[in-house]
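Dear colleague,

Please find the structure below, together with some notes on what turned up in it. I would be glad if you read them with the model open beside you.

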Amino acid sequence: MPTILRIGGLRVTIYPNDHPPPRVHVIGAKGEALFLLNCPTGPVDLRESYGFNGPDIRQMAADLLAHIPTLCSDWRTIRGDL
């Protein structure tokens with residue numbers, strides 16, 4: 001699973017064998033969260049979270065939204081589809 005972005009102390013990854021719709025996994029010391037990207041313009045939607053609290057999730061969503069075009073492009077590059 002390649003790290004495609006770092007936000008703070010968190011890694012944003014796309015699993016090469018993951019299935020549509022486009023999504024990213026945000027991994028940190030507290031846990032992992034899965035966000036649907038809603039390409040091409042967002043907004044991102046939380047699908048699952050383990051270990052993160054509400055403020056953490058809101059900050060992650062805002063940070064991801066700022067990078068949505070790049071994240072959608074990375075999904076296409078890694079997965080070959082949208």
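Predicted model: local features only at pLDDT ≥ 70, side-chain atom pairs only at ≥ 80, totals over all residues.

Residues are numbered from 1 along each chain as its sequence is written, and side-chain values use heavy atoms, with hydrogens and water left out.

The protein chain has five strands and two helices, and from the N terminus on they follow the order β-β-β-β-β-α-α; here helices (H or I, at least four residues) and strands (E, at least two) are DSSP runs, numbered from the N terminus. Its C-alpha trace spans about 30 × 25 × 20 Å along the principal axes. The radius of gyration is 11 Å, which agrees with the value near 12 Å that a compact globule of 82 residues would have (taken over C-alpha atoms, with the globule rule being 2.2 Å times the number of residues to the power 0.38).

Strand S2 (residues 10–13) pairs on both counts described here, where pairing requires that DSSP finds at least two bridges between two strands. Strand S1 (residues 3–7) runs antiparallel to S2 and is joined to it by four bridges, with Leu5 opposite Val12 in S2. S1 and S2 form a hairpin that has two residues between the strands, and Gly8 in the turn has a positive phi of about 60°. S2 also pairs with strand S3 (residues 23–28), again in the antiparallel sense, over three bridges.

Within S2 lies Thr13, which is buried because its relative accessible area is 0% (buried means under 20%, exposed over 50% and partly exposed in between, with a 1.4 Å probe and protein chains only). Leaving aside neighbours within four places in sequence, Thr13 is in contact with Met1, Pro2, Thr3, Ile4, Val24, His25 and Ile27, contact meaning heavy atoms within 4.5 Å.

For the protein chain as a whole, buried residues make up 37% of the 82 residues. Among contacts between residues at least 6 apart in sequence, 36% join residues at least 24 apart.
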